[in-house]
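Hello,

Here is the structure I said I would pass on. My notes on its charged pairs follow below.

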Amino acid sequence: MRTVAVLGGGIGGLAASYYLSKSPQVTKVIVLESSSRFGGWLWSTRRSDGAVFEHGPRGIRPAGAVGRNTLNMVDDLGLGGEILPVTYSHIASKNRYLYVNQRLHRMPSGISGLLRTVPPFSRPLLLSVAMEILVKKGKEDDESIHSFVTRRLGKELADIAVDSLCRGVFAGDCRKLSVRSCFPVLYNAEQHRGSLTLGMLLGSGPTPVVPPGPLAQRSIKESWAQWSLSRGMESLPEAITEYLQHSGKVQLHREAAVKQISPSALGWKVHLEDGVISADHIISALPAKALSSALPSSCEPLIQQLQHISTVTVAVVNLEYEGSILPVTVMMGGAWFQEVFGDPEAVTEEHLLARANEAVRCHLGVTKAPSWSRVALQRDCIPQYYKGHFQKLKSMRSFIRQNNLSLSLVGSSYDGVSVNDVIFNGQTAVSELLGTGV
């Protein structure tokens, strides 16, 4: 009898449970979620008039092995009919803007955009890319994203394009974030090919093999840049939850906060507010700091490493306007939350809404007041992989191995913050646990 306890019912915990439920080796899966809902940061508001507002991720990329893997899952869950694809030829894919020096600049797209000098850049982007092949390989085993891009592509691209990208993806500071952990494709391209350009052209080392199912094949054929779901991204965790309920081997518990986990003769005892659960193995999809406070003192070296994985808080403000004005979402704070807004515990929704309205007025010239708004403060929502993050992971996993702990670490604290990464890492952990290939 194999009982696996999955701690955390966000997308990482649900994905791990989904893959566990498919294995004949697993008899029982117990999912423990501390809040009143499953899905974690995948959270949508659906209004009675059909409008949908996202308070977390709003779209998923179909590219690469991890993208195909998620689409295969979506197919299996029967959500294919709800997919809203955005193709590369769509205006939303082509029109991307940066707000630099008090004005919006449209980013270059296509070959002609790369050949010309397009503000806010002072020279054609193709020139930076062409020169990059000549740059020597770095000697450090990790460096900040800003340092890496400055070295290979020049300071201007690092200061403007990459700084903005890191704010958009990680809500983080590219001068602190690790290139090795945040953009492994770039790091590996330099390691394996000596150049980003050659790495992109020739490949940069082994990648997981995930055969595309019907939906993933369609995404390639139709050239999707990203996709969403017609009833909001929360439909994905809802569909997984329903699948698990019908699997016959998964117990789902809401409002079941894990207080303490302690080793037992056969595995673990998981202490809750109102009882104790026994498990042969634990898959933790909790944020790193939450897991650190539940571990026994015998795991002190692991606790220390977990506590050093930082997170940032993001305010997500959805705004709706009467008439033909764009629907708008404003995301604020991240690595700069404290500096701009002060203590997240003390900031008011009114203040956040006022700042969001001001941003829309400055950036987009919208002076009208919104007809509807929603403010969500997502505390500690995005882990920050600072320089040296890979060493923390190595030392945590070697501690788990050396002490024969039946514990797997999944979720966004470790091997990627995107929805695709978190789902794929849930699958990888289950494959490693059960001794099967991904």
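Buried here means under 20% relative accessible area, exposed over 50%, and partly exposed in between (1.4 Å probe, protein chains only). This is a predicted model, in which local features need pLDDT of at least 70 and side-chain atom pairs count only at pLDDT 80 or more, while totals for chains, interfaces and linings use all residues. Residues are numbered from 1 along each chain as its sequence is written, and side-chain values use heavy atoms, with hydrogens and water left out.

Of the 438 residues in the protein, 47% are buried.

The structure has 19 salt bridges, each a side-chain nitrogen of Lys or Arg within 4 Å of a carboxyl oxygen of Asp or Glu.

- D415 and R397 pair at 2.8 Å. D415 sits in the loop between β17 (407-409) and α18 (419-434), and R397 in helix α17 (residues 389-402), 18 residues apart. D415 is partly exposed at 32% relative accessibility, and R397 is partly exposed at 27%.
- E190 and R152 pair at 2.6 Å. E190 belongs to helix α9 (residues 184-193) and R152 to helix α6 (residues 145-153). E190 is buried, at 2%; R152 is buried, also at 2%. Through shared partners, salt bridges join E132, E143, R151, R152 and E190 into one network.
- E320 and R47 pair at 2.9 Å. E320 lies in strand β14 (residues 310-320) and R47 in the loop between β3 (44-46) and β4 (52-54), so this pair ties together parts 273 residues apart in sequence. Helices (H or I, at least four residues) and strands (E, at least two) are DSSP runs, numbered from the N terminus.

Regards
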